[in-house]
Amino acid sequence: MALLSNTTVLLGKELRTEFRSRELLTTTTVFVLIVMVLFSFSFDPTSEESRRFGAGLLWLAFLFAASLMLQSCFLREQTSDTLSALRLSVSDPFAIFLAKLAANTLFLLLTELLLLPVFAVMYNVAVLPALHWLVLVFFLGSLGVSIAGTALSAISAQARMRELLLPLLLLPLLTPILVASTEVTAALFDRSPYVQWKGVGFLAVFDLAFLTILWLLGEYLVEE
Amino acid sequence: MTPTVFSPTGIRFENIDKRYGGLYALRRVSLEISAGECVVFAGRNGSGKTTLLRIAACLVRPSSGRVSFLDSGKERDGTLPRAGFVAHATMVYDELTAEENLLLFARLQGIAEPAARAEALLREVGLLERRSSLVRTFSRGMRQRVAIARALLNQPAVVLLDEPTTGLDPQGAHWFAETLRHLRDSGRTIVMSLHGESEVSTLATRAIQLDAGAVVADTRTGANFRSVLAFANA
């Protein structure tokens with residue numbers, strides 16, 4: 001009960017500070033947009049090529065954007081040592097992670113949903129027929145990225161080369177998510193969209209496994 | 001200061017070592033701080049004052065040794081009950097207002113009627129009129145007042161202060177000394193590290209000098225007591 005209550009309070013804080021500054025959402029959205037435009041200039045793909053390669057391109061852009069977004073996740077708590085204040089206040093440090101990963105998932109999902117129509121227009125891919133499934137894949141993929149990314153952000157925030165360390169650790173770790181999300185999304189971009197349940201199942205298991213690891217090890221990740 | 005019921009709590013450090021790689025921040029520190037004492041840690045930069053305070057706050061785990069808390073005569077390991085901690089950094093969010101910061105930490109700590117408690121503390125630290133201002137617009141001294149208010153939210157039995165008057169102007173330092181006096185007189189345990197303050201150090205009932213991570217003086221009265229305090233004020 002205390003875990004839920006602390007998580008809710010902290011999530012409120014995360015949303016309030018972000019919607020007040022709009023730092024993460026703005027930079028991430030602009031970054032993904034730039035990547036999409038650059039890719040379209042480089043490849044000038046046909047509609048068929050877009051359906052085949054668009055999903056991979058989209059998820060690569062999301063992953064790069066996530067590594068940008070997650071960088072500041074725990075770094076912000078170091079500026080005024082607020083992480084210590086949180087540790088002294090919460091009954092379970094897992095609440096700190098839960099709130100941060102929920103906020104990151106929400107921000108990432110919001111960015112993805114904002115940019116999906118832009119992607120559809122630029123790459124001439126029909127997204128409406130399978131929109132609800134796309135939302136599910138985006139959610140599962142973003143959740144996985146956020147869980148792993150939030151944990152690694154806590155580790156890298158205490159390291160010396162913190163700005164370089166997070167992408168170096170995060171991107172290889174997220175390769176399974178990238179592959180699974182891309183495959184499921186590509187199937188949904190098909191002329192006859194279908195749900196690749198194997199990939200969806202893999203994403204759900206990945207999320208659950210990493211969430212369990214975070215629950216078990218979270219306390220040690222925020223220790224000095 | 002708001003009167004409250006709390007359980008007098010002491011702290012026992014037993015053979016505490018803290019190493020960062022090959023560097024010893026603390027060496028074999030053994031101390032027992034009784035409930036209600038007002039202890040000043042003195043020492044040069046890097047002597048281990050901050051590390052010892054952070055270990056007492058359970059923010060840092062010692063490399064070896066044991067910390068326990070004496071709550072109403074009963075010893076217990078683990079989390080220090082109801083500790084208020086003021087560190088070098090303010091430990092409050094610049095992007096939130098003074099009131100939002102206090103409400104956030106009050107809710108996390110499960111304090112009953114958080115809004116009333118936050119308002120009372122803002123009044124005590126003299127920031128009630130600036131309650132809706134973002135902390136980032138505050139001066140260093142005002143931020144420190146918010147930090148002190150945050151530390152006192154849960155009416156702690158133990159107050160741990162790491163150079164708490166940093167950034168406070170003379171009036172602020174005087175106000176803080178008075179606040180501490182009330183806390184001490186109400187029987188709370190106060191442990192602080194000081195550097196360059198005098199008014200606050202006059203409240204001390206015990207002075208402990210650290211050097212290179214070890215306790216080199218531990219005194220309650222007499223010339224030695226005054227000399228350790230003078231070291232803190234240097």
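This is a predicted model: local features need pLDDT of at least 70, side-chain atom pairs count only at pLDDT 80 or more; totals for chains, interfaces and linings use all residues.
Two strands pair if DSSP finds at least two bridges between them. In β7(B), B:Val158 is the bridge partner of B:Ala83. Residues are numbered from 1 along each chain as its sequence is written, and chains are lettered from A and ligands numbered from 1 in the order in which they are written. Local features need pLDDT of at least 70, side-chain atom pairs count only at pLDDT 80 or more, and totals for chains, interfaces and linings use all residues.

Chain B has six helices and 10 strands. These are DSSP runs, numbered from the N terminus: helices are H or I with at least four residues, strands E with at least two. Six strands form an open, mixed sheet in the order β6-β7-β8-β3-β9-β10. β6 and β10 (214-219) of chain B stand at the edges with a single partner strand each, so one side of each lacks a neighbour in the sheet.

Buried residues make up 48% of the 234 residues in chain B. A residue is buried if 20 or more other C-beta atoms, placed from the backbone, lie within 10 Å of its own.

The contact between the chains takes 22 residues from chain B and 18 residues from chain A. Residues are in contact if their C-beta atoms, placed from the backbone, lie within 7 Å. On the side of chain B that touches chain A, β6 (83-86) and α2 (98-108) of chain B give two or more residues. α2(B) gives the most, with four residues.

Conventions: Two residues are in contact if their C-beta atoms, placed from the backbone, lie within 7 Å. A residue is buried if 20 or more other C-beta atoms lie within 10 Å of its own, exposed if 12 or fewer, and partly exposed in between; C-beta atoms are placed from the backbone.
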